Structure formats: C-alpha cells, structure tokens
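Thanks, everyone. I have a few notes on one model, and I will go through them region by region.

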Amino acid sequence: EIVELYNKLWRNFCVSDTYEAGSTVKPLTIGAALDEGKVSTSESFMCDGGEDLFDGAGMQHIACHNIYGHGTTTLQEAIMWSCNDALMQIGAKLGITDMLKYHHLYGFGQKTGIDLPGEAGAESLIFNEETMGRFELATSAFGQGFNLTMVQMVAAFSSIINGGNYYQPHVVKEITTESGHVVKSIDKVLVRNTLSEDTRDWLKEAMH
C-alpha cells in the first residue's frame, strides 16, 4: 500500500497520463493543410456556428464555441478566434489520409523518449484509417476525439517554433560532478521535420 501511494505521489501526469488536447491542435491542423496545399493564407471560411455531420448513427451538430457564428473568417482569424467551424472545413479539405499522416509526423500517440520515467505511448487512443470517418476527421481538426500526452503535444507544437524541426524532448542538459566537471552532455536529437519554412513562419506570425 505504501508503494502504491508513493507511485501515485510521484506520478508525472505530463508524461504518464493522456488528455484531449483541444484547441492547441488547431495551428497544427492549419499547418498541415498549408503544407499540403489544401488551403492558402488568403483563404476565408464562413462560420455559421457549427457543422451538421453523420456520426455513424445519425446526424449530429458539432458547435463552434461561438454558437452564433464568427461570420466570414480568414485563416489567421480561425486561429485568433479559435473557430471550430473553420477548422472543420479545413479538416475536410485536408482529408483523412493527410490528417493521419500529420498526426504521425507530429508524434501523436508515440512515446517521445523524454528522459523521465513512466512515459505513456497512447497508440490506442488516436485514430487510424479504420476508425476515422468524416465525423472523426471534423472533431480531430480542432483537437477533440483523441487523446495524447502533454509532452507529445508540447513536442509537436514546439516544432513550429523550432523551424519545423521536431526534436526529442529532454529535461537534463548535462551531468556534472560536484566540482563542475562535465560527465555527460545531452546533445539535441533531431527526429524529423514536420512543416516547411514558409508554413512555420506564417504560423508564428499568425500566433503573434
């Protein structure tokens, strides 16, 4: 019982637990759509408060947080206003195959290899070709319907800031002796590229 209590006390929810990321995914969805040429930075969308989609059993209304609608919304305003309706339209343009492609590029559901114990993978908590339909595509576009860990999300989001480069996240920079002698230096590890230079530069500007 004591061991179980210690494990609960020491559990790091940032790496061991999963959550539904929500709107932080929106810039990543837009980045994917830009890189695939499915949308342009000059494009606008009409938000009328939500979309009606078939979920496999019946029609469901997926609302924007502004239930009255944002009206005509530019691509940058889709981020600024966190518009679910615009993101669903962008997700539909991106399509299931490319959405899943970028989820993989962003490392969703994959262990990051961070130097902390107890990291969860969450492979079973994200969509694949068999489980993602039009309804799931729409909700995934604004970060709902699938789970990932916080460290997976921050590693993916950081790739926007880091020049489109996805680096393995880590906590320890170097290990030293008491006298300051460096025993080991932890070099940064580039895992993959996620977004092009033009896309990440536009996203950084759009997000201020």
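Ser82 counts as buried, because its relative accessibility is 18% and buried here means under 20% relative accessible area, with exposed over 50% and partly exposed in between, for a 1.4 Å probe and protein chains only. Ser82 sits in the loop between helix 4 (75-80) and helix 5. Although Ser82 is not a glycine, its phi is positive, at about 50°.

Two remarks on the source. This is a predicted model, in which local features need pLDDT of at least 70 and side-chain atom pairs count only at pLDDT 80 or more, while totals for chains, interfaces and linings use all residues. Residues are numbered from 1 along each chain as its sequence is written, and side-chain values use heavy atoms, with hydrogens and water left out.

On to helix 5, residues 84-94. How many of its residues are buried? The count is 8 of 11, so the helix is mostly covered. Among the buried ones are Asn84, Asp85 and Met88. Just after helix 5, Gly95 takes a positive phi of about 85°.

Ala122 is another residue that is not a glycine and has a positive phi, here about 70°. It is found in the loop between helix 6 (96-105) and helix 7 (134-141). Ala122 is buried, with a relative accessible area of 9%.

Ala122 is also touched by Gln152, which belongs to helix 8 (residues 150-161). Is Gln152 buried or exposed? It counts as buried, because its relative accessibility is 0%. Contact means heavy atoms within 4.5 Å. Not counting residues up to four places away in sequence, the contacts of Gln152 include Tyr106, Phe108, Lys111 and Thr112.

Tyr106 and Phe108 come up again in the core. A nonpolar core is a set of buried Ala, Val, Leu, Ile, Met, Phe, Trp, Tyr and Cys residues joined through side-chain atoms within 4.5 Å. The largest one has 44 residues, and Ile30, Leu75, Tyr106, Phe108 and Trp202 touch the most other members. Several elements each supply at least two residues of this core, including helix 3 (26-35), strand 2 (44-47) and helix 9 (197-206). Leaving aside neighbours within four places in sequence, Tyr106 is in contact with residues including Leu28, Ala156, Tyr166 and Arg192.

Now the aromatics. Rings of Phe, Tyr and Trp (its six-membered ring) pair if their centres lie within 6.5 Å; planes under 30 degrees apart count as stacked, over 60 as edge-to-face and the rest as tilted. The whole structure holds 4 aromatic pairs. One of them is the stacked pair of Tyr6 and Trp10, at 4.9 Å centre to centre and 10° between the planes. Both residues lie in helix 1 (residues 2-10), 4 residues apart, about one turn of the helix. An α-helix has 3.6 residues a turn, so residues three or four places apart point the same way. Tyr6 is partly exposed at 42% relative accessible area, and Trp10 is exposed at 60%. Elsewhere, Tyr102, Tyr106, Phe108 and Phe146 form one aromatic cluster.

Last, Val172. This residue is in the loop between strand 7 (165-167) and strand 8 (174-176). Val172 is partly exposed, with a relative accessible area of 32%.
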